[in-house]
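Keep the structure open while you read.

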Amino acid sequence: MKNSKLVITILLMIGILLSGCNSEGSSSTPEKSNSKPQVEHENAPKPLNESVDIKIGYPTQGASMLPLWVAKETGIFEKYNVNADLVYIAGTPKVQETLNSGGIQAGLTGIDPVGKAKVAGIDSVILSAVADRSVLYLYGQKEAKKSDLGNELKGKTVITAAEGSLYDHLAQSLIRENGLTPREDVKVLNMGGEGDRTAAFMRGDGDFYVVAPPTSFKMDDMGYPQLYDFKEKEVLNSGIAMKVDYYKENPELAEILVASLIEANAFITQNKEETVKIISKYTGIDDSKLAEKTYDVNVDTLPKKPYVSDESAQFFIENSDSEEVRKMKPSDLVDMSLVKKLDESGFIDSLYE
């Protein structure tokens, strides 16, 4: 009798242990699936034969960099045998400078920095757009009036990002649209880091401030008026770029980087919860509702097919402060052959089926 009771007890304990193992395994499976997607999409590039280490620079801690972060965090790069080290470098001009010097092998940069590098004798090229619109706003000090922006701007100071950056181009474009001349009628204060820019605006060093979410949400909460929304302008937010010689030496890697960002865009649109967590990690947002709001305002800026249009590139060429850059054509700075290849193969469409 004692033996039978002992056997029953042992069997019950084994059952509990097995049940615990099964429940643990089932709970971890979705988590692994979300963070390390292994779906092989139709006509996707083949993984590299050997793992490659690469440093990729990015210019802002705003959510416009989301496709790059998602490609890293979800394992998209990893499944193609790419070990990507993401390096924050404040401002697209600084990203381009680091690319020029070989400190990184690829970077999220802009048309004007690529053009100025070409003027200096360093050929680099943008291979794909990351976003084709920008979630950026112009805020003013609390007494500023939206209804009379031209007069509000005249004789005042606009705080924006590094000279030659997207933020800088948009700020100067807005000044011109209001019949004023940048740096003559309106002072432009260029600063590299968003934290520094915010602190300067709060101190009153500038009258206006070009800013992205989530910092813009904090401006709202503090009662600063939003005076202009740049989102309606179709301009290249940033693009993935390489030096031309490195691109020619590593065409398979270049194609994989472009495909990975395209795949990341699809992931973002289809996986809100996981993406919001990634936003929190990289932006430092500890408020889940704020992170979700940041997702909501950025998600529709991500192109399904990330071609850089001639019109988008021309905006930066025409507004460059370099006479040599203003003489260039979009085709001098942009190569859409990889996006076209991935599009015509059916790869991009397969991500949304």
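Here is a short tour of some helices, strands and salt bridges. Keep in mind that this is a predicted model.

## A helix wrapped up inside

Start with helix α11, residues 251-270. How far apart should its ends be? At 1.5 Å a residue, its 20 residues should span 28 Å, and the end C-alpha atoms sit 29 Å apart, which agrees.

One of its neighbours is helix α2, residues 66-73. The two pack at an angle of about 95°, with their axes 8 Å apart. Angles of 65 to 115 degrees count as roughly perpendicular, and α2 and α11 are therefore roughly perpendicular to each other. Where do they meet? L66, P67, L68, V70 and A71 on the α2 side meet S260, L261, A264, N265, F267 and I268 on the α11 side.

## A strand covered on both faces

Next, find strand β3, residues 106-109. In a regular strand, side chains alternate between the two faces of the sheet. In β3, A106 and L108 are on one side, G107 and T109 are on the other, and all of them are buried, so both faces are covered.

Which strands pair with β3? Strand β1 (residues 52-58) pairs with β3 in the parallel sense over two bridges, and there G57 stands opposite G107. Strand β10 (residues 234-243) pairs with β3 in the antiparallel sense over three bridges, with T109 standing opposite G239.

A search of the whole structure turns up 18 salt bridges. One of them joins K79 and E263, whose closest N and O atoms are 2.6 Å apart. K79 lies in helix α3 (residues 76-79) and E263 in helix α11, so this pair ties together parts that are 184 residues apart in sequence. Are these two buried or exposed? K79 is buried, and so is E263.

K94 and E97 also meet in a salt bridge, at 3.7 Å from N to O. Both lie in helix α4 (residues 92-101), three residues apart, which is about one turn of the helix. K94 is partly exposed, with a relative accessible area of 44%, and E97 is partly exposed at 45%.

Then there is D300 with K231, meeting at 3.0 Å from N to O. D300 sits in the loop between α13 and α14, and K231 in the loop between β9 and β10, so the pair ties together parts 69 residues apart in sequence. D300 is partly exposed, with a relative accessible area of 42%, whereas K231 counts as buried at 12%. Elsewhere, salt bridges that share partners join K304, K305, D343 and D349 into one network.

Finally, trace the open sheet, where five strands run in the order β7-β6-β8-β5-β9 with mixed pairing. What about the edges? β7 and β9 stand there with a single partner strand each, so one side of each has no neighbour in the sheet. Neighbouring strands are turned by 25° against each other on average, direction ignored.

Within this sheet, β5 (residues 137-140) and β8 (residues 208-211) pair in the antiparallel sense over four bridges. The bridge partner of G140 is F208 in β8. Helix α8 (residues 194-203) lies across β5, β6 and β8, running at about 155° to β8.

Notes: Residues numbered from 1 in each chain as written. Predicted model: local features only at pLDDT ≥ 70, side-chain atom pairs only at ≥ 80, totals over all residues. Heavy atoms only, no water. Expected span 1.5 Å × (residues − 1). Buried < 20%, exposed > 50% of the residue type's maximum accessible area, 1.4 Å probe, protein only. Pairing = 2+ DSSP bridges. Salt bridge = Lys/Arg side-chain N within 4 Å of Asp/Glu carboxyl O. Axes fitted to C-alpha atoms, helices over the stretch in contact; angles between N-to-C directions. Parallel < 35°, antiparallel > 145°, perpendicular 65-115°, else oblique. Contact = heavy atoms within 4.5 Å.
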